[in-house]
Amino acid sequence: MMKATLLLSAALLALHSCANVAAPSSSGDTPDLVAGVLAGELVDENAYTSKDPARISVPILRAPDLEAKYGKPEYSVMADGSYAARHQMPGGSYLRIVGTPRPPKKLPYDAHGPLTLMGRDIGFFTTGNEDPEITSESIVMRAPDGRSATYVVTHGGRTGSVTERSLSRGLPRLSW
């Protein structure tokens, strides 16, 4: 009986995980990383149209200190010009910045804590599954050139090397 219960629990967990994968893109053929991030779902980091930052249609939010120390991020660009920039740091820590012309989405649950992003106080959600990770609420910001876009920032790392508290307090400096 115990073995059957464990198998059923594992099957239900697998179904739940599959059900929370990012939504299909507007073309319907591949998942869209940005849609998943905005909806607070599990995302496929490889769901993108291009890696060419020249295709990005919104102002690019940068982490200049990380770029100076570790180089430019890896970009994933969606068909509508939305992007996800991923900075990978030693020890398994990472920062993902998502920028999109799409409107922000309010998630159906309260934020888990406060976070300051570009001088604005917003909330964050604990989104790590096995390792600590925080994701900001989606926020509309205006770049110096006057263009606006929605941004979401995710900061994570390996269990034992970071905590959700250290991630929220140690968010790298962001700028245009």
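Is Glu-74 buried, exposed or partly exposed? I will come back to that residue in a moment, after a word on the model itself.

What we have here is a predicted model, in which local features need pLDDT of at least 70 and side-chain atom pairs count only at pLDDT 80 or more, while totals for chains, interfaces and linings use all residues. Residues are numbered from 1 along each chain as its sequence is written, and side-chain values use heavy atoms, with hydrogens and water left out.

Let me start with the overall layout. The protein has 4 helices and 8 strands, where helices (H or I, at least four residues) and strands (E, at least two) are DSSP runs numbered from the N terminus. Read from the N terminus, the order of elements is α-α-α-β-β-β-β-β-β-β-β-α. Of the 176 residues in the protein, 41% are buried; buried means under 20% relative accessible area, exposed means over 50%, and partly exposed lies in between, with a 1.4 Å probe and protein chains only. The accessible surface, calculated by the Shrake-Rupley method with a 1.4 Å probe, where for residues only the protein chains shown count as cover, comes to about 9800 Å², and 55% of that belongs to carbon and sulfur atoms. Among the contacts with a separation of 6 or more, 50% are between residues 24 or more positions apart, a contact being heavy atoms within 4.5 Å.

Now to the charged pairs, and back to the opening question. Side chains of opposite charge can pair when their charged atoms come close. A salt bridge is counted when a side-chain nitrogen of Lys or Arg is within 4 Å of a carboxyl oxygen of Asp or Glu, and the whole structure holds 6 of them. In one of these, the side chains of Lys-51 and Glu-74 meet at 2.7 Å, N to O. This pair links distant parts of the chain, with Lys-51 in the loop between helix H2 (33-38) and helix H3 (64-70) and Glu-74 in strand E1 (residues 74-77), 23 residues apart. As for the answer, Glu-74 counts as partly exposed, at 47% relative accessibility, and Lys-51 is also partly exposed, at 39%.

A salt bridge also joins the side chains of Arg-102 and Asp-80, again given as 2.7 Å, N to O. Arg-102 lies in the loop between E3 and strand E4 (113-117), and Asp-80 in the loop between E1 and E2, so this pair ties together parts that are 22 residues apart in sequence. Asp-80 is partly exposed, at 32% relative accessibility.

Turning to the strands, E4 and strand E5 (residues 120-126) run antiparallel and are joined by 5 bridges; two strands pair if DSSP finds at least two bridges between them. Leu-117 stands opposite Arg-120 in E5. The hairpin of E4 and E5 has 2 residues between the strands, and Met-118 takes a positive phi near 55° there. From E5 the chain continues through a hairpin of 6 residues to E6, and 3 bridges join E5 to strand E6 (residues 133-136) in an antiparallel arrangement. Phe-125 has Thr-135 in E6 as its bridge partner.

I will finish with Ser-93, in the loop between strand E2 (83-88) and strand E3 (94-100). Why does Ser-93 count as buried? Ser-93 counts as buried because its relative accessible area is 15%. Leaving out residues up to four places away in sequence, Ser-93 touches His-87, Gln-88, Gly-156, Gly-157 and Val-162.
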